[in-house]
Amino acid sequence: MAAQKIQDKQKAILEAAIAVFAARGFWNTPTSLISKTAGVADGTLFNYFATKDDLISEVYLEIKREMAAQMLEGFPSHGSVKDKMRHIWNRYIEWGLLHPEQFKVIHQISESFTLNESVKAQATEPFVEIERIARESIENGELRAYPVDYLAAIMDNLAVLTVQFIAKNDDKQIDYKAIGFEILWNGAIR
């Protein structure tokens, strides 16, 4: 029972941090506002996260884990490279559209916060299979021999643009998700 209560408070703090970071940015958010939003006493936050930096890092990891789970759910492990990439792309775009606050916060943190090496390593763990597939596809000549981290950055930036464009445009006759994937795929194939 006590362990569940601890998990509930920690989850409430993380959810409050995401909501407030999405609205105000993490640099403009005092921990007292996160505590208030989570419905816990000011000092309680520091029982779970020693510093604001620790909280930001845990928010980042939590979002990365959730995002990876969504992207890998139903993954076509025996499909073609194109099928695998399309699956990852589609799931990422869908996740971004369904979770706009998390999508915004993960990119805020990625662009404006220095994560320590341990956090970076933990954040990449759920994506090891995707990286392995990319490296194998490059070795097999199925994808261009570009650095995998660069390809991932291109995919991520194109995904941000695609999610933002879909969210701002009501034209349901145009499949921007499919267009984005074709741009990605045509740039990556040999």
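I looked up which element gives the most to the lining of the second largest pocket, and I noted that α6 does, with six residues. Helices here are DSSP runs (H or I, at least four residues), numbered from the N terminus. A pocket is, on a 1 Å grid over the protein atoms alone, an open set of points where a 1.4 Å probe fits, with protein on both sides within 12 Å along at least five of seven lines, and its lining residues have an atom within 4 Å of a point.

I kept in mind that this is a predicted model, where local features need pLDDT of at least 70, side-chain atom pairs count only at pLDDT 80 or more, and totals for linings use all residues. Residues are numbered from 1 along each chain as its sequence is written, and side-chain values use heavy atoms, with hydrogens and water left out.

The second largest pocket has a volume of about 250 Å³, a volume being the space filled by probe spheres set on the grid points, which are joined across faces, edges and corners. Of its 13 lining residues, I found Pro100, Phe103, Lys104, Val163 and Gln164 to be the closest to its centre.

I then turned to the largest pocket, with a volume of about 1,100 Å³. Among the 39 residues that line the largest pocket, Lys64, Asp149, Ala152, Ala153 and Asp156 are the closest to its centre. The largest share of this lining, nine residues, comes from α9, and α9 also supplies at least two residues to the lining of the second largest pocket.
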